[in-house]
Amino acid sequence: MRRSTLLLAIALAAFGASARADEFTRADVDRYLKEFETVAAEGRKLWTNGSVGTNGVACAQCHPNAANTHPETYPKFQKQLGKVAQLFEMVNWCIRNPLQGQNLAADDPRMTALVSYITFERRGMKLTPGVH
Amino acid sequence: MSELITRRSVLAGASAGAAITTLPISMVTLAFGGTREDFTFTYISDAHIQQIRGAAFVRNWDQGLKRAVAEANLVKPESDFVMFGGDLAQLGKREELDHGAEMLSKLKGKLYCVMGEHDYYLDLGDYWSKLYGPHYYSFDHKGVHFVVLNSILTSEHWTFHRWPTAEQRMLEMAGLDNPNGSPFMVGDKQRKWLANDLAKVDKATPLVVFSHSPLQKIYKGWNFWTDDAEDVQALLAPYDNVTVLYGHVHQIQYNQIGSISFNSVMSTAWPWPYPQTYSQAESHLPVLTIPMNRADPFFERDATGWQLIDIGSGRVAARYQLWDNEPRTVAYDRKAGRPVDVAYQEPTQRRLPQTHY
């Protein structure tokens with residue numbers, strides 16, 4: 001990732017004054033999407049193989065296709081936690097309990113992958129934060 | 001219905017005595033209004049006993065089955081027998097089947113078992129058979145003809161030629177949403193057997209058919225589906241009173257197709273979302289079914305529930321006890337000719353479950 005950023009910087013420098021910061025090409029968009037899909041695909045692997053827990057239970061056992069995770073409703077008040085929570089906190093609850101594992105940091109690449117997969121499976125749904 | 005309430009209060013008394021609020025089992029009563037002897041059986045399903053390593057098993061799934069067995073032994077009136085609806089194991093291993101069988105061995109009374117895909121695809125049901133006998137069979141009990149089918153078979157190519165190892169075959173089938181899986185079927189051989197088996201049964205005899213997967217087509221993507229369902233239904237259709245009880249789906253479903261009533265039972269392990277909550281694909285939950293409320297993940301037994309099922313003259317009334325929600329009763333309505341949710345079926349009386357996102 002660091003290397004591709006560096007390459008981008010060099011490319012921008014080469015274009016000099018002709019490069020405009022507020023424009024990006026179809027190729028850029030394709031690249032962004034491909035990056036997302038790669039991470040989401042990694043998320044599906046983690047979702048189905050049980051490696052984020054310790055007892056072999058996989059997220060997909062209760063949530064096939066990440067169903068019933070409703071990422072479009074977060075952040076929301078989670079009455080059992082007694083506070084407005086983010087999706088990663090609920091993912092961690094599942095990792096600790098049914099999966100008998102340890103919390104992942106919010107910016108752990110595995111958490112990013114899991115949340116990317118969950119969100120990918122709900123693409124097209126209306127954003128409804130706060131709703132249960 | 002009054003009989004059902006009486007039975008329920010007896011059962012509630014038994015439960016209260018044991019200080020237990022919900023039972024992750026089904027209790028089935030066959031009531032014949034004096035013309036025949038009433039009897040009951042209990043129904044436990046989808047335990048998914050999962051080995052971690054050695055003698056360590058997933059605690060949550062173990063507890064579900066242990067609790068079901070303990071509760072089944074407390075049910076009054078005492079059951080004539082117990083049905084187990086399939087998926088005793090998670091990955092079909094001997095260790096899992098043995099561990100599950102040990103828990104089931106604590107049950108009082110005779111045990112009958114249905115084959116689930118999680119019991120089957122490692123060794124094609126070989127070890128399961130050593131424990132529980134044939135993969136499909138029938139028996140008569142006090143005037144009712146019971147049929148147990150193995151509905152989780154699939155094509156010969158997928159089963160025998162597609163995967164390099166038995167372990168991989170099992171793993172591929174174990175994932176509900178795995179596109180490498182294959183649709184379930186009963187198959188030609190077993191349907192011929194069923195036709196022969198039914199040939200000697202009077203059309204007025206109540207039929208109760210047990211399968212693991214639903215003998216109807218709900219959502220192929222998660223194998224809530226049996227590919228030759230219509231062919232099996234055609235064999236059952238000539239009988240006056242047919243009930244199909246199935247596991248696999250880990251949720252409340254019910255339906256009526258011709259003379260055949262369908263009722264699902266819940267899992268002792270975990271609940272599944274309804275197929276329509278997966279918005280990327282079309283599914284067909286029976287229009288009759290009012291979904292139950294979403295499970296609360298913070299209660300590990302929530303939506304694993306239990307059911308008290310009465311079959312009056314061969315028809316079913318299923319009472320679902322849910323942890324944190326109103327109880328639900330799905331009973332056969334003679335006027336309507338189908339199972340209905342007794343409280344919520346009429347649009348004007350409907351108290352909808354939570355919105356399912």
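Guide: A salt bridge, as the term is used here, is a side-chain nitrogen of Lys or Arg within 4 Å of a carboxyl oxygen of Asp or Glu. The model is a predicted one, and across the interface of chain B and chain A this rule finds 1 salt bridge. It is formed by D177(B) and R44(A), whose closest N and O atoms are 3.3 Å apart, a distance that falls within the 4 Å cut-off. On the side of chain B that touches chain A, β3 (51–53) and α2 of chain B each supply at least two residues.

Around that bridge, 26 residues of chain B are in contact with 29 residues of chain A. The two chains bury about 2,500 Å² between them, with 53% of this area on carbon and sulfur atoms. The interface of chain B and chain A also holds 11 residue pairs in polar contact, counted where both residues have pLDDT 80 or more.

In one of them, W61(B) and W270(B) are tilted, with 4.7 Å from centre to centre and 55° between the planes. Because W61(B) lies in helix α2 (residues 59–72) and W270(B) in the loop between β12 (260–264) and β13 (306–312) of chain B, the pair ties together parts that are 209 residues apart in sequence. Both W61(B) and W270(B) are buried.

Elsewhere in chain B, ring pairs link F41(B), Y43(B), F81(B), Y112(B), Y137(B), F139(B), F146(B) and F210(B) into a cluster. One member of that cluster, Y112(B), has K110(B) over its face, at 4.7 Å from the ring centre.

Among the charged pairs of chain B, D80(B) forms a salt bridge with K142(B), the closest N and O atoms being 2.8 Å apart. This pair links distant parts of the chain, since D80(B) is in the loop between α2 and β5 (81–84) and K142(B) in the loop between β7 (137–141) and β8 (144–148), 62 residues apart. D80(B) counts as partly exposed at 27% relative accessibility, and K142(B) counts as partly exposed at 32%. Salt bridges that share partners also join D188(B), R191(B) and D228(B) into one network.

Turning to chain A, the secondary structure comes to 5 helices and 2 strands, and buried residues make up 37% of its 132 residues. Helix α4 (residues 87–96) of chain A is largely enclosed by the rest of the structure, because 7 of its 10 residues are buried. Those buried residues are L87(A), E89(A), M90(A), V91(A), N92(A), W93(A) and I95(A), and what covers them includes β1 (76–78), β2 (83–85) and α5 (109–121) of chain A.

A salt bridge joins R122(A) to E72(A), with the closest N and O atoms 2.9 Å apart. R122(A) is in the segment after α5 of chain A and E72(A) in the loop between α3 (59–62) and β1, 50 residues apart. At 7% relative accessibility R122(A) counts as buried, and E72(A) is buried with a relative accessible area of 6%. In another bridge of chain A, R110(A) and D108(A) have their closest N and O atoms 3.0 Å apart; here R110(A) is partly exposed at 38% relative accessibility, whereas D108(A) is buried at 14%.

Conventions. Residues numbered from 1 in each chain as written. Chains lettered and ligands numbered in written order. Predicted model: local features only at pLDDT ≥ 70, side-chain atom pairs only at ≥ 80, totals over all residues. Heavy atoms only, no water. Phe/Tyr/Trp six-rings, centres within 6.5 Å; stacked < 30°, edge-to-face > 60°. Helix = DSSP H or I, 4+ residues; strand = E, 2+ residues; numbered from the N terminus. Buried < 20%, exposed > 50% of the residue type's maximum accessible area, 1.4 Å probe, protein only. Lys NZ or Arg CZ within 6 Å of the ring centre and 35° of its normal. Contact = heavy atoms within 4.5 Å. Buried area = accessible area lost by both parts, 1.4 Å probe. Polar contact = N/O pair within 3.5 Å; in protein donor to acceptor, adjacent residues only side chain to side chain.
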